[in-house]
Amino acid sequence: MTRSQKIEEKFFKLLMILATYFILAILAIIIYSIFEKGIKSISWEMLTQVPHGGYYYGKGGGILNAILGSLALAFGATLLAFIIGMPVALYLNVFLIRHKKVIAIIRFLLDLVWGIPSIVYGAFGFSLMIFFGLQTSLLAGILTVTLFILPIMIRSMDEILCTVPIGLQEAAYSLGSNKSEIAFKIFTRQSFSGIITAVLLSFGRGIGDAAAVLFTAGYTDHLPNGLLEPVATLPLSIFFQLSSPVPEVQNRAYASALVLTLIILIVSLFSRGVGKRYHKTKINF
Amino acid sequence: MYLLNRTQRHTVNSTWMIISLLLVALLPFLLFIGLYLKSVLLLHDYSVIDLIFSKTWRPSAGQFGFYPFIIGSIWVTLVAMLITAPVCLLTAIYVTQYTKKYFLRIMHPAIDILAGIPSVVYGLWGILVIVPFISRYLGPWMGIKTMGYSILAAAFVLSIMIIPFVLNILIEIFRAIPVELKEATLSLGATQWQTIKHVLVKKALPGIIAAFGFGLARAFGETMAVLMVVGNVVRLPKSVFDPGYTLPALIANNYGEMLSIPRYDAALMFAALLLLAVSLFFNLVMHFFIVRYNKY
């Protein structure tokens, strides 16, 4: 090996180390700046009260409307996406297991849908809403976010379900089960932790996205009360507070961002924990 | 205990599965048709070429030129990729070839957290950190007067947002390369870096291109974070320090007034349709790169 080759290798290795630590450093900076700014202005009042009159000019109140609104919206959307998404993932891996071509086409379609930006779902949800004569409401928001997280949910369940060994299926058939029993009683138990992870991942996506709910969920200073009423969401609340010229309101935006980040970090930690815990019903091969 | 017997339950379950499956499989087509029907009003009066290449945007006067927005989106996306691509490639090679297994176990949660942070929070971080950095340090240092709200700020924030996405694909691609290939090359006397440069990267090339393509498509459609730091000025940007305007930001900023001006809503739906078309096209093309990669 010549000297120039040695220098080249050293040089690139240095670049690689720099790139890797660049990513870790950026993550640390993001987390640090959100926490540092947020902790200063977060208060009990912010978490437990709705905005009072003149909230956006610096008067009292909090963001409880947005916190509850976001949770309601994300819960609703996750539930709906689960009801539609889990059967699809199971169908792919139990009913269509012998039709590799069909599976490939559906996975391909799902990947396509996954790549579509959320603002497009927002615009589509908006035109659906107009079409059905709905107003901006929790329901419209839930439907839009459902469409948006559906491919995420199905694809991540699919990743887990396709690792279930074929032998398990054959054993169940030989004992007289039919296909839907295999799907709902055996596959769901075998991949329980993976399914929970998929659900939590979709929940995190749903609660953090603003572009899809911008058109459809509306915004309100009241607590969510009913499917057909507009509802406030945390990302939009951050956005609106940040656009205010009053520094005090901007500080509240930082606190709201901290709340949203914390919710997502907790969900993500939880999904890691669940994966480790639920091994009881799983058969190891 | 059950309302229905086994066979009936089977029928109900499998019917529901097929309905769900159809819904999901039809979703991309539904999206396309829905948005097309909404923008057809605009397409009646203007040709697509005119809309894409005309430079004036004055909805109240009936002039809908999307050119500045398209150019703005392309600038932001390409500059973001210029940052993301080398960082991700180098990191993916480093964590798969040079480090021990435990390092990946540190990297994976880090990537997950980066991927989980919502785009509004990225935008807020951009306003807090990147915008002041550009207006106070980078701009004056380069001798340029800038507000900070610029193409560069948006591109930087965007590049961080797509890092987890691209990096995940790249790591998977490098891990899928059979270890025998590496062993054979090393046994012939090549150094580790030579192996990486001449064998691994060459083998992974279609996959690497696909990863960058997926990242590009993702970056093109990102809305909130870009909207918050790009400046939102309808003008053709001359340098990366100029403010700009992107297609998703256009849609998100104007949804409130779109029903008050004739054909405005159709114009915004057309913008969404453009985004959808770009996203579908990129994902389609990159999919074939991935398929090719898997064949080798």
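**View 1. Salt bridge between Arg6(B) and Glu181(A) in a predicted model.** Arg6(B) and Glu181(A) form a salt bridge, a term for a side-chain nitrogen of Lys or Arg within 4 Å of a carboxyl oxygen of Asp or Glu. The closest N and O atoms of Arg6(B) and Glu181(A) are 2.6 Å apart. This is a predicted model, in which local features need pLDDT of at least 70 and side-chain atom pairs count only at pLDDT 80 or more, while totals for chains, interfaces and linings use all residues; side-chain values use heavy atoms, with hydrogens and water left out. Residues are numbered from 1 along each chain as its sequence is written, and chains are lettered from A and ligands numbered from 1 in the order in which they are written.

**View 2. Helix H8 of chain A against helix H1 of chain B.** Axes are lines fitted to C-alpha atoms, for helices over the stretch in contact, and angles run from 0 to 180 degrees between N-to-C directions. Contact means heavy atoms within 4.5 Å. On the side of H8(A), the residues that meet H1(B) are Lys179(A), Ser180(A), Glu181(A), Ala183(A), Phe184(A) and Lys185(A). Their partners in H1(B) are Arg6(B), Arg9(B), His10(B), Asn13(B) and Met17(B). By class, the residues of this contact are three nonpolar, three polar and five charged. Here Ala, Val, Leu, Ile, Met, Phe, Trp, Tyr, Cys and Pro count as nonpolar, Asp, Glu, Lys and Arg as charged, and the others, Gly among them, as polar.

**View 3. Salt bridge between Lys197(B) and Glu8(A).** The closest N and O atoms of this pair are 2.7 Å apart. Lys197(B) lies in helix H8 of chain B (residues 192–221) and Glu8(A) in helix H1 of chain A (residues 3–41), so the pair joins two chains. Between chain B and chain A the count is two salt bridges, and over all chains it is eight.

**View 4. The interface of chain B and chain A.** In this interface, 80 residues of chain B are in contact with 81 residues of chain A. The two chains bury about 7200 Å² between them, 80% of it on carbon and sulfur atoms; buried area is the accessible area (1.4 Å probe) that two parts lose on being put together, summed over both. Met17(B), Leu21(B) and Trp193(B) supply 9% of the area that chain B buries against chain A, more than any other three residues. Eleven residue pairs across the interface are in polar contact, with both residues at pLDDT 80 or more. A polar contact is a pair of N or O atoms within 3.5 Å; within protein, one must be able to donate a hydrogen and the other to accept it, and residues adjacent in sequence count only if both atoms are side-chain atoms. H1(B) gives 21 residues, the largest share of the side of chain B that touches chain A. That side has 57 nonpolar, 17 polar and six charged residues.

**View 5. Helices H3 and H10 within chain B.** The axes of H3(B) (residues 67–98) and H10(B) (residues 247–254) come within 7 Å and cross at roughly 125°. The two helices are therefore oblique to each other. Phe69(B), Ile70(B) and Ser73(B) in H3(B) meet Leu247(B), Pro248(B) and Leu250(B) in H10(B).

Definitions and conventions:
Helix = DSSP H or I, 4+ residues; strand = E, 2+ residues; numbered from the N terminus. Parallel < 35°, antiparallel > 145°, perpendicular 65-115°, else oblique.
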